Amino acid sequence: MSSFNTHQRRVYDEGRPARVRHTNLRSCLVHFASYGFRATYHHLCVSAGIPKNLEKDPSSLIRAVEELHHA
């Protein structure tokens with residue numbers, strides 16, 4: 001099982017497709033979900049503005065993982 005830091009680095013890797021980076025963000029939540037997985041994921045989607053179509057704003061994934069990291 002990979003660590004939070006491993007998945008965090010993968011989210012930052014803009015050479016990866018947005019869907020893969022999104023999967024890695026969700027994997028970060030397996031390691032740290034302060035409100036439970038679904039509630040924390042929902043919070044990050046709202047606060048970072050993660051769109052349904054990730055190609056519209058792939059930098060939202062970075063905003064989300066940074067917020068999660070700082071928590």
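Let's start at Val65, which, leaving aside neighbours within four places in sequence, is in contact with Gln8, Val11, Tyr12, Leu25 and Cys28. Contact here means heavy atoms within 4.5 Å. Before I go on, this is a predicted model, where local features need pLDDT of at least 70 and side-chain atom pairs count only at pLDDT 80 or more, while totals for chains, interfaces and linings use all residues. Residues are numbered from 1 along each chain as its sequence is written, and side-chain values use heavy atoms, with hydrogens and water left out.

So where does Val65 sit? Val65 is found in helix H4; helices are DSSP runs of H or I with at least four residues, strands are runs of E with at least two, and both are numbered from the N terminus. Val65 counts as buried, at 0% relative accessibility. For the cut-offs, buried is under 20% relative accessible area, exposed is over 50%, and partly exposed is in between, with a 1.4 Å probe and protein chains only. As for distance, Val65 and Ser27 are 38 residues apart along the chain, and their C-alpha atoms are separated by 11 Å.

Also in H4 there's Ile62. Ile62 counts as buried as well, with 15% relative accessibility. Not counting residues up to four places away in sequence, Ile62 touches Val11, Tyr12, Glu14 and Arg21. The C-alpha atoms of Ile62 and His31 are separated by 17 Å, and those two are 31 residues apart along the chain.

Which residues of H2 are buried? They are Ala18, Arg21, His22, Asn24, Leu25, Ser27, Cys28 and Leu29. And what do they pack against? Helix H1 (4-12), helix H3 (37-48) and helix H4 (59-70).

Asn24 is the one I'd zoom in on. Asn24 is found in H2, residues 18-31, and is buried, with a relative accessible area of 7%. What lies 2.8 Å from a polar atom of the Asn24 side chain? It's the backbone oxygen of Val20. The cut-off for a polar contact is a pair of N or O atoms within 3.5 Å; within protein, one must be able to donate a hydrogen and the other to accept it, and residues adjacent in sequence count only if both atoms are side-chain atoms. Asn24 also touches His7, Arg10 and Val11, again not counting residues up to four places away in sequence.

From the H1 side, the buried residues are Phe4, Thr6, His7, Gln8 and Val11. Those buried residues of H1 pack against H2 and H4.

A quick stop at a loop: Ser34 is in the one between H2 and H3. Ser34 is partly exposed, with a relative accessible area of 44%. From Ser34 to Gly49 is 15 residues in sequence and 19 Å in space, C-alpha to C-alpha.

Finally, zooming out. The protein chain has four helices and zero strands, and from the N terminus on the elements run α-α-α-α. Its radius of gyration is 11 Å, close to the 11 Å the globule rule gives for 71 residues, so the chain is as compact as a globular protein of that length. That radius is taken over C-alpha atoms, and the rule is 2.2 Å times the number of residues to the power 0.38. Along its principal axes the C-alpha trace spans about 25 × 25 × 15 Å.

Buried residues make up 37% of the 71. Among contacts between residues at least 6 apart in sequence, 50% join residues at least 24 apart. And the chain exposes about 4300 Å², with carbon and sulfur atoms supplying 52% of it; those areas come from the Shrake-Rupley method with a 1.4 Å probe, and for residues only the protein chains shown count as cover.
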